[in-house]
Structure formats: C-alpha cells, structure tokens
Amino acid sequence: MRLAIGMLTATALLVGTAQAQELRVGFMATFTGPGANLGQHLRDGFLLGLDHLGGKLGGLDTRLFIADDQLKPDVARQEVDKLLEKEKVHFVVGVVFSNILLAIYKPVIESGAFLISANAGPSQIAGAQCSERFFSTSWQNDQTHSALGKYAQEKGYKRVFLLAPNYQAGKDGLTGFKRYYKGTVVDEVYTQLGAVDFSAEIAKIQAAKPDAVYAFMPGGPGIALVKQYFQAGLTKQIPLLSAFTVDDTSLPALGSAAEGLISASQWAADFDNPANRRFVADFRAKYGYVPSYFAAQAYDAAQFLDAGIKGAGGRLDDKAALRDALRRAQFPSVKGKWKLNTNHIPINDFYYVTPGKLADGTPAMVKGELVFADYGDEYAKDCPMRW
Amino acid sequence: MEPTLLVVQFLNGIQLGTLLFLVASGLTLVFGILDVINLAHGVVYMVGAYAAASTFVRSGSLALAIAIAPVAALLVGLLLDRLVLRFLYDRNHLDQVLATFGVILFVDEAVRAIFGPAALPYPLPPAFEWSLELPGGATYPAWRLVIIVSGLVLAAILFGILHRTRAGMVVRAAATDPGMLAMLGVDIRRLFLVVLGAGSALAGFAGALAGPIVAVQPGMGDSVLILSFVVIVTGGLGSVQGALLGSFLVGLADTLGRSFLTDLLRLLLPPAAANEVGPALASMAIYLVMAIVLLIRPQGLVSLRRAAR
C-alpha cells in the first residue's frame with residue numbers, strides 16, 4: 001500500500017514537472033455588496049469562455065484563482081497582492097469598477113503580470129498612464145455616454161435634463177454625453193451616491209419639461225429611478241436615455257417599467273454572428289439567465305487570452321513576445337469584430353439598445369440602429385504607445 | 001419657483017418622512033425601553049421587502065404580499081432577539097453596535113445567497129399606475145399617496161394605542177423609566193419582546209410599501225437605517241412622538257434640500273460652483289438639521305427622561 005502511494009506521488013511529481021508551463025490566471029470582480037450582481041455576470045461570462053476552450057487558454061493547462069474585491073480599493077489591493085505573490089499569476093482578469101481597476105493597476109503592471117480589464121475603462125489608463133501590460137476587452141468609460149450624446153443630438157432633442165450621482169464617474173459621464181450633444185442642457189442634477197429616492201429630481205424634471213432626460217445611474221439607484229420615473233407617468237412623455245442603468249443586469253427587476261427606454265452598447269444579446277449565437281445559447285443553458293455586456297466582455301477576454309497565448313507559442317516568460325501576440329490576437333468576438341486601439345482598448349461599433357425580446361420571447365436588451373462606427377476613445381491620443 | 005413644484009416637493013418630503021417613521025418608531029422604542037442599539041432593524045425592513053416581492057411575483061396579489069411582509073419581519077425580528085439581542089441587553093453600547101452590525105453583514109449575505117445578488121422584480125399592479133393631477137400641470141404618483149395615507153393611518157393607530165390604552169401607558173412608562181416600572185412588577189423583558197415584535201412588523205410593512213419604488217436587493221436596509229438613526233436622535237431617543245416629528249423634519253429637509261439648494265446657490269454663486277457646492281450641501285442637509293436641533297436641545301425635540309437621568 002505504502003509502495004503504491006509512493007509510486008503515485010512520484011508519478012504526480014513527474015507529471016508536475018512535465019507540465020511546468022501551467023497558466024495561472026487571477027480573476028477579480030465584485031462578489032459581495034451592492035455590485036455583486038455585476039461581478040456574477042462577469043465571472044459567469046469568463047467561465048463559459050474557459051469552458052468553450054476546454055479549460056485551456058492558449059492550449060495551456062489553466063488554473064483559475066477567483067478573488068472578491070468587495071468594491072473596496074484597499075481589499076482589492078490585498079487580494080491582488082495575494083494573487084501576484086502567493087499564486088504567482090501570469091494574468092489578472094476581470095474588474096467591474098473603475099476605482100478598483102485604478103487601485104490594482106500599478107501593483108499588477110509593476111509585478112510583470114498582464115492586466116486584462118473585462119469592464120472598467122477609466123480615462124487615465126486609456127490616456128497618459130496607458131501601459132503595454134494592460135489590455136481591455138470592453139471600452140473606455142466615456143464611450144457609452146458619448147454614444148448617447150450623439151443619439152440625442154441626431155434625434156434632435158433641443159433641451160435635455162442631465163442626472164448623475166455626485167462622484168467622479170458621474171461627472172465624467174455627463175462630460176462624455178456633452179461631448180457630442182450640442183443642444184441646451186436645461187439642468188444638471190447630481191444626486192447623493194447610493195440615494196434611492198428620486199421624487200425630488202422627478203418633480204424638477206416635470207417642472208423643467210425637457211425634450212429628453214439623460215441619466216447615468218448604475219446599480220440599485222438606477223432601478224429605483226426607472227421605476228419611479230415610470231410611476232410618475234413620465235416614461236411615455238419624456239424619453240429617458242441612460243447609460244449603465246437599463247441593461248440586462250437590471251432588466252429582470254425593471255420589467256415593463258423599462259419599456260421603450262434607450263441606452264447604448266457595443267454588444268447586445270441579439271447580435272447575429274455565429275460566436276454570439278453560441279455564447280448566448282450556451283450561457284442561458286448553463287446559468288439560466290440572459291447574459292449582459294459584462295458577461296459578453298468577459299467571454300471575449302477568455303477568447304482574447306487564448307488567441308494571444310497561442311500567438312506567442314504558449315511562452316509565458318517572453319513578455320515582449322506575449323505583448324506583441326496579444327496586440328495581434330484575432331478571435332471570433334461576440335461583437336462580430338475585434339480591433340484594438342493604440343492604447344489597447346477596443347475600437348467598437350456602438351448601437352443604441354432598448355428593451356425587447358429574444359427569438360424565444362425572453363426579455364433582453366436588443367440592438368437598434370448604429371450610432372458610432374469604429375469608435376476609438378478620445379484619450380488614445382494621449383497614450384504614448386505606438387505599434 | 002412655481003408654487004406647484006413646492007407643493008409636490010412638500011408631499012415628497014412627507015412621503016419620505018412617513019416611510020422613515022415606520023422604521024424609526026420601532027427603533028426608538030427598543031432603545032428607550034432596554035437601552036439597546038439595534039442596527040439590525042434595517043435588515044428587518046429588507047426582509048419585509050423581500051417577503052412582499054417574492055409573494056407578489058408568485059401570487060400576483062399585492063394585498064397578500066403586503067399582509068405577509070409584517071408577519072415575516074416580526075418573525076425575523078423575534079428570531080434575532082432569541083439569537084443575538086437577548087445576550088446584549090446588559091452589555092455596553094459598543095458591544096451592541098458590533099454584534100448587530102455583524103447581523104447586518106450576515107443577513108445581507110444570507111439574502112444574497114438565497115435570492116441571488118440581482119434585484120428582485122416587484123412591479124405595481126396596473127391599478128396603481130396612475131397619477132393624481134395637481135393644479136398647475138404637476139402630477140403625483142398614486143402609490144406615493146398610498147404610502148402617505150397608510151403611513152399616517154398607522155401612525156394614528158400607534159398613537160391611539162400609546163396614549164389611550166393601558167398597554168400603551170405601560171410602554172410609555174417603560175420608555176421613560178424602565179427601572180421604576182420593573183419595580184412596580186412589570187416584566188420589562190416581555191414588554192420589550194412585544195415592542196420589538198411590533199416595531200419589526202412596522203419596519204417590514206415599510207419595506208413592503210417601499211419595494212415598488214426602490215430596488216429590492218441585499219443591503220437595501222442600510223441607507224434607511226442611517227436615516228432612521230438621524231430621525232430618532234433628532235426627535236429624542238425613546239419618544240414615538242419625537243420619531244414622528246423627526247421623520248417629517250428629516251424627510252422635508254432632505255427633499256427640499258435636494259430640490260432647491262442648488263437653484264438657490266445659483267443666485268449667489270457662478271453656475272459651476274453652485275453645481276459643486278449644491279449637491280454636497282444637499283446631502284448634508286439632514287445632518288445640519290440634526291446638529292442645529294441638538295445644539296439647541298441636546299436631548300432631542302421631545303425628551304422623555306427626567307433631567308436627573
């Protein structure tokens with residue numbers, strides 16, 4: 001018996017050395033607190049991507065370490081240090097929120113690992129602080145706001161009322177909107193972060209009688225805003241455009257209150273390409289809910305890593321070769337096309353999206369008309385990388 | 001500034017105040033009778049909202065949903081007493097805060113584990129999808145009227161019980177001087193359980209009422225809890241009357257602050273500066289009101305305790 005165990009151990013050790021080229025990936029997102037829903041979407045998307053690749057990214061045996069940032073920058077720092085020092089990961093992937101990405105950006109980049117954002121895209125990292133160790137499979141934060149600004153401009157809304165939470169991303173969001181919207185801003189109201197009562201703001205909207213309202217109100221407050229806007233009877237009177245508010249993470253809770261509301265996205269569940277059809281069908285079968293852009297971006301992140309590592313011949317220690325391979329990586333993105341900007345953030349087509357139904361009648365955000373073709377973000381010009 | 005806007009914002013403030021009162025009244029009595037700081041009270045509000053939302057989605061009956069919410073909240077409130085609170089009656093406030101804060105974290109995560117991290121759907125039936133037309137073209141949503149009316153009715157019933165019945169007299173006496181009442185032969189612990197149960201039921205009812213206008217998700221009780229503490233400190237600890245006054249004061253200060261402060265500042269400051277200062281000041285408004293009240297009356301608006309205590 002002892003002999004058998006000894007032999008088994010020896011075999012295991014031998015196998016261990018033979019597979020020294022094990023890929024270690026840290027996946028960080030928010031799994032507790034109010035943002036947990038988004039983290040779940042992000043993780044499930046990445047796991048499905050890994051699944052579709054047989055559990056191997058770039059043909060390498062892949063070990064995944066999942067970490068919860070709790071939406072607290074200090075916790076994120078500790079967790080990422082653990083991933084880098086103890087687990088010695090080659091890649092850190094994930095991250096829902098910009099403040100978390102900014103908190104772990106330097107530690108990851110300076111450790112020599114690569115950081116792949118599947119969601120957050122703060123302007124600093126898109127611009128002057130860009131890095132050859134950072135890649136994104138989503139967008140730069142302003143892009144969605146700008147797409148809605150352009151939509152409002154094209155729709156001919158003359159007077160728009162703006163609403164956002166009173167913090168940096170809220171102000172950036174409204175700035176992004178105003179970059180392409182040239183009409184009159186009737187009022188610009190900033191609410192307390194986390195506030196869920198919008199009765200006062202809705203009364204102000206009713207009094208101002210704008211042509212449209214633009215809101216950036218992510219998470220629970222956004223759900224509250226849309227429900228209250230609907231209950232006030234405004235949904236049909238004054239169009240409510242929004243970013244990161246009405247999407248596939250909030251739609252189940254919003255139901256009919258979100259009918260007819262407009263948002264913008266570089267992806268929707270009804271995008272008609274083979275990769276996306278497979279992604280949406282398998283995601284729904286495996287997890288039992290409709291994927292959001294969070295899930296789509298994380299799914300793409302797995303495919304992107306796979307293509308990049310394959311391009312580098314599976315060699316993880318040659319960082320320059322790996323960087324070049326990631327830049328050149330081509331894979332069937334669920335968006336239908338894949339192109340990186342010089343700052344390593346995708347160049348996307350943006351469509352307006354609105355609540356609708358998938359082929360089988362399930363409610364989901366569906367694609368409207370194209371708003372922006374091949375839209376690269378405004379900060380790329382500040383990024384010194386050229387390739 | 002249009003007068004109708006003022007009326008609507010006033011109603012909005014009253015509505016926020018009624019919701020706060022339903023949560024704060026239980027909180028203040030629990031503190032008044034056994035000197036217990038119960039941070040877990042916000043969790044009970046969340047339980048009410050979850051019970052109502054899941055009942056409504058399954059049964060389609062709003063009446064049933066709103067009837068079940070206080071029952072679920074009452075049971076959870078009493079369960080929390082058995083499991084946690086009763087070990088804390090005689091401990092100091094810091095222990096109570098730490099333990100009941102732990103309860104918040106535990107229950108929030110438990111709800112997330114059971115119901116998932118996404119917000120639950122809790123739509124209103126079409127019967128409530130209308131708005132009251134006010135003169136001047138403004139409207140007021142029906143459901144918010146329901147909240148105001150049912151909240152005020154409950155407040156009236158509560159005051160009737162507290163001021164017109166023997167049981168109410170005992171509760172008021174307990175909040176004023178529990179030691180003396182115990183010496184007169186009243187079982188304070190049992191009385192406390194009754195009050196905790198009733199307070200939990202009220203908070204659960206508030207959760208069921210608020211569910212259709214907010215997001216029913218883990219952690220939804222936290223912001224309400226903070227506001228409720230502001231209410232009971234402003235109103236005077238232990239006093240239901242104080243809680244009522246405090247609720248309306250806080251509700252109005254918050255709503256009117258958000259509505260008009262930025263506009264008022266624009267008269268004095270350049271627009272960009274007003275946009276910076278206004279929202280910051282508006283979110284501080286309730287704390288400023290509390291500070292001013294406490295500066296003038298350190299015991300709160302309505303004080304029960306005699307000066308000697």
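## The largest cavity

Four nonpolar, five polar and eight charged residues line the largest cavity. Here Ala, Val, Leu, Ile, Met, Phe, Trp, Tyr, Cys and Pro count as nonpolar, Asp, Glu, Lys and Arg as charged, and the others, Gly among them, as polar. This is a predicted model, in which local features need pLDDT of at least 70 and side-chain atom pairs pLDDT 80 or more, while totals for chains, interfaces and linings use all residues; side-chain values use heavy atoms, without hydrogens or water. Residues are numbered from 1 along each chain as its sequence is written, with chains lettered from A and ligands numbered from 1 in the order in which they are written.

The volume of the largest cavity is about 140 Å³. Its lining holds 17 residues. Val189(A), Tyr190(A), Arg258(B), Thr262(B) and Pro279(B) lie nearest the centre. Chain A gives two or more lining residues from each of strand E8 (184–191) and H8. Helices (H or I, at least four residues) and strands (E, at least two) are DSSP runs numbered from the N terminus.

## How the spaces are found

A 1 Å grid is laid over the protein atoms alone. A cavity is a set of points where a 1.4 Å probe fits but cannot get out. A pocket is an open set with protein on both sides within 12 Å along at least five of seven lines. Lining residues have an atom within 4 Å of a point. Points are joined across faces, edges and corners, and a volume is the space filled by probe spheres set on them. The count is three cavities of 30 Å³ or more.

## The second largest cavity

The second largest cavity has about 110 Å³ of space. Its lining also has a stated count, 17 residues, with Asp247(A), Ala264(A), Ser265(A), Tyr293(A) and Val353(A) nearest its centre. By class they are nine nonpolar, six polar and two charged.

Strand E11 of chain A (residues 263–265) gives the most to this lining, three residues. Domain 1 (20–139 + 270–349) and domain 2 (143–265) of chain A each supply at least three. These bounds come from an automatic or database domain assignment.

## The second largest pocket

The second largest pocket holds about 740 Å³. It is lined by 30 residues. Nearest its centre are Leu251(A), Pro252(A), Ala118(B), Ala119(B) and Pro121(B). The lining divides into 14 nonpolar, eleven polar and five charged residues.

Chain A supplies at least two lining residues from each of helix H2 (36–52), helix H10 (251–254) and strand E12 (348–357). Helix H2 (41–59) of chain B also supplies at least two. H2(B) has the largest share, four residues. Domain 1 and domain 2 of chain A both contribute to the lining, so the second largest pocket lies between them.

## The disulfide

Over all chains there is one disulfide (a pair of cysteine sulfur atoms within 2.5 Å). It joins Cys130(A) to Cys383(A), with S to S at 2.1 Å. The pair links distant parts of the chain, 253 residues apart. Cys130(A) sits in the loop between helix H5 (123–126) and strand E6 (134–136). Cys383(A) is in the segment after strand E13 (363–375).

The torsion about the S-S bond is about 80°, so the disulfide is right-handed. Cys130(A) and Cys383(A) are both buried. Buried means under 20% relative accessible area, exposed over 50%, and partly exposed in between (1.4 Å probe, protein chains only).

## Chain A and helix H8

Chain A has 13 helices and 13 strands. Its C-alpha trace spans about 85 × 45 × 40 Å along the principal axes. The radius of gyration, taken over C-alpha atoms, is 22 Å. A compact globule of 387 residues would have a value near 21 Å, which agrees. That rule is 2.2 Å times the number of residues to the power 0.38. Buried residues make up 61% of chain A.

Helix H8 of chain A (residues 199–208) is mostly covered, with eight of its ten residues buried. Among the buried residues of H8(A) are Glu201(A), Ile202(A), Lys204(A) and Ile205(A). Lys209(A) follows H8(A) and has a positive phi, near 45°.

## Chain B

Chain B has eleven helices and two strands. Its elements run α-α-α-α-β-β-α-α-α-α-α-α-α from the N terminus. The radius of gyration of chain B is 20 Å, close to the 19 Å that the globule rule gives for 309 residues, so chain B is as compact as a globular protein of that length. The C-alpha trace of chain B spans about 60 × 50 × 35 Å along its principal axes. Of its 309 residues, 56% are buried.
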